[in-house]
Number of protein chains: 2
Amino acid sequence: MTEAARRDRKRADTDHQIRTVARALLVDNGAQSVTLRGIAREIGITAPALYRYYDSFEDLIQHVCADICADLADELAAGLAVIPEEDTPGRVFAVCRGFRAWAIRHPREFSLVFATPAGPAATGATDPFGRIFLTVAGRVLATRTLVVPGDLDVPERLIADLTLFRATLLDNLAETGVAVPEHVFSLGTAYTMLRFWVRLYGQVALEVFGRFPFPVVDAEPLFESMVAELALEVGLTPPG
Amino acid sequence: MTEAARRDRKRADTDHQIRTVARALLVDNGAQSVTLRGIAREIGITAPALYRYYDSFEDLIQHVCADICADLADELAAGLAVIPEEDTPGRVFAVCRGFRAWAIRHPREFSLVFATPAGPAATGATDPFGRIFLTVAGRVLATRTLVVPGDLDVPERLIADLTLFRATLLDNLAETGVAVPEHVFSLGTAYTMLRFWVRLYGQVALEVFGRFPFPVVDAEPLFESMVAELALEVGLTPPG
DNA sequence: TACGCGAGTGAACACTGTTTACCAAGTAGT
DNA sequence: ACTACTTGGTAAACAGTGTTCACTCGCGTA
């Protein structure tokens, strides 16, 4: 029994090593240098051995994506831990700034995770980053100090999707141990989170991909002004 | 002399054919199926011959990107041509909706062009899509019926970049024959355009990539509400 | 002790982008 | 008209890719 456990641990060990090496290759030498043979060579085995751990190359990098998302989640959570729970504006800003800072510090990981068209299957709750954003932002908004549009103000045609979104959110929060009374999480709250995400993603992706319609020399004030405007709209007083 | 012209035309012909076939492969069989040998096979030549037309594979798809952007620009321009010049709200909505419609109709082209991290060199005015957005949106905003923040209201740290942006814009407009008095194109206008672009790109990219934090069943009302909100903020009365 | 399972290997297959040497055709120069 | 040169194209090769198949070798269990 202990023997089987040891064997399993060793397998999990090299499995972890595989993904670690893959990520190292990605950050050091770019996405097109992460290859089966390259990974295998780096850990001292041969390429076909990797098929004992993953069904295909695609399968491997999908798991690498999951790892990356987990790290991003950890970093956001760590940044959030420093800020008192009552300071909702501070927490919101921490998440936004943390996301941008991570994206800038890890542009290749960001590209891999966020610029790869995900099949319709990945849009569910299993989506790695979905959990991050849902959990982190959900915790913040659970303190319900936001000024959000009332349920009657959200566009009628959005109700169906927003209801689904809220359900996903509450499920995810409950799963991580945060119980949120359903009545404090209005459809307006869900709508606000969605708008947050659209602008945050747009701003960060444009900056990382260099797709602003002109050569921006310093994107930070642009980002700061956007998040300040965003916070203002939802009734958060930005910290000085 | 006519002989040389014929030769040049033939060369331009096959050159055009190359990019056309490359795009067809992209659209029909996905990005990973556009390959030098595949393209060559489709037009009845062999792979190394393509090097008479492009320096490398990367060079080729870069030109394909340019073609794609040109088509997008044409489509936006065509949609804009139907709407009278005085109807600024209609024109703004046409651009936004046209961009989304094109992205949904051509998801693979969209991914190729907008989800590929562009080196710092491509962020200049030579960037293919930069010209589109700049030109199209610039023409619209040249009618100056927008309610934009005054120059004194734009965040101080943004002035440098916004000034550069405005200069790029005016240059580009002048280049396409639209002369805009500099005083009607305030920094606030440039700022507004940037905010427009961030949200539009974020929304469309999230939809095409399937990266919303929950499985959206009908993204259109989400898009419509976003663009309506956006228009409202800049003082445009949305059409019924 | 023999069995079986599982990690790992080596060779092969069908690809990929890219380079080199070569070739045929047509233009240009004298 | 007869060279000389450019131009578009080819065949072969090279290094590398994901993937498969047959085959080991070692370890845990019956």
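Q: Which helix gives the largest share of the surface near DNA strand D, and what makes it a helix?
A: H2(A) does, with three residues. A helix here is a DSSP run of H or I with at least four residues, numbered from the N terminus.

Q: How many residues near DNA strand D are nonpolar, polar and charged?
A: There are 10 nonpolar, five polar and five charged residues. Ala, Val, Leu, Ile, Met, Phe, Trp, Tyr, Cys and Pro count as nonpolar, Asp, Glu, Lys and Arg as charged, and the others, Gly among them, as polar.

Q: Which residues come nearest to DNA strand C?
A: Of the 20 residues around DNA strand C, the nearest are Ile45(A), Thr35(B), Leu36(B), Pro48(B) and Phe57(B). At least two residues each are supplied by H1 of chain A and by H1, helix H2 (36-42) and helix H3 (57-81) of chain B. By class, nine are nonpolar, five polar and six charged.

Q: Why are H3(A) and H4(A) called oblique?
A: Their axes come within 9 Å and cross at roughly 140°. Axes are lines fitted to C-alpha atoms, for helices over the stretch in contact, with angles from 0 to 180 degrees between N-to-C directions. Under 35 degrees counts as roughly parallel, over 145 as roughly antiparallel, 65 to 115 as roughly perpendicular and the rest as oblique. H3(A) and H4(A) are therefore oblique to each other. Leu72(A), Glu75(A), Leu76(A), Gly79(A) and Leu80(A) of H3(A) make the contact with residues of H4(A), including Arg91(A), Phe99(A) and Trp102(A).

Q: What makes H3(B) and H4(B) oblique in chain B?
A: The axes of H3(B) and helix H4 (residues 88-105) of chain B cross at roughly 140° and come within 9 Å. That angle makes the pair oblique. Among the residues of H4(B) that meet H3(B) are Ala94(B), Val95(B) and Gly98(B). The contact has seven nonpolar, two polar and two charged residues.

Q: How many residues does each chain bring to the contact between chains A and B?
A: Chain A brings 43 and chain B 44, where contact means C-beta atoms, placed from the backbone, within 7 Å. H8(A) gives the largest share of chain A's side, 10 residues. That side has 29 nonpolar, nine polar and five charged residues.

Q: Where in chain A is the pLDDT below 50?
A: Chain A averages a pLDDT of 86, with 87% of the residues at least 70. Residues 121-125 of chain A are below 50, on a scale of the predictor's confidence in each residue from 0 to 100. Where pLDDT is low, the predicted coordinates should not be read in detail.

Key. Residues are numbered from 1 along each chain as its sequence is written. Chains are lettered from A and ligands numbered from 1 in the order in which they are written. This is a predicted model: local features need pLDDT of at least 70, side-chain atom pairs count only at pLDDT 80 or more; totals for chains, interfaces and linings use all residues. A residue is near a molecule or strand if its C-beta atom, placed from the backbone, lies within 6 Å of it. Two residues are in contact if their C-beta atoms, placed from the backbone, lie within 7 Å.
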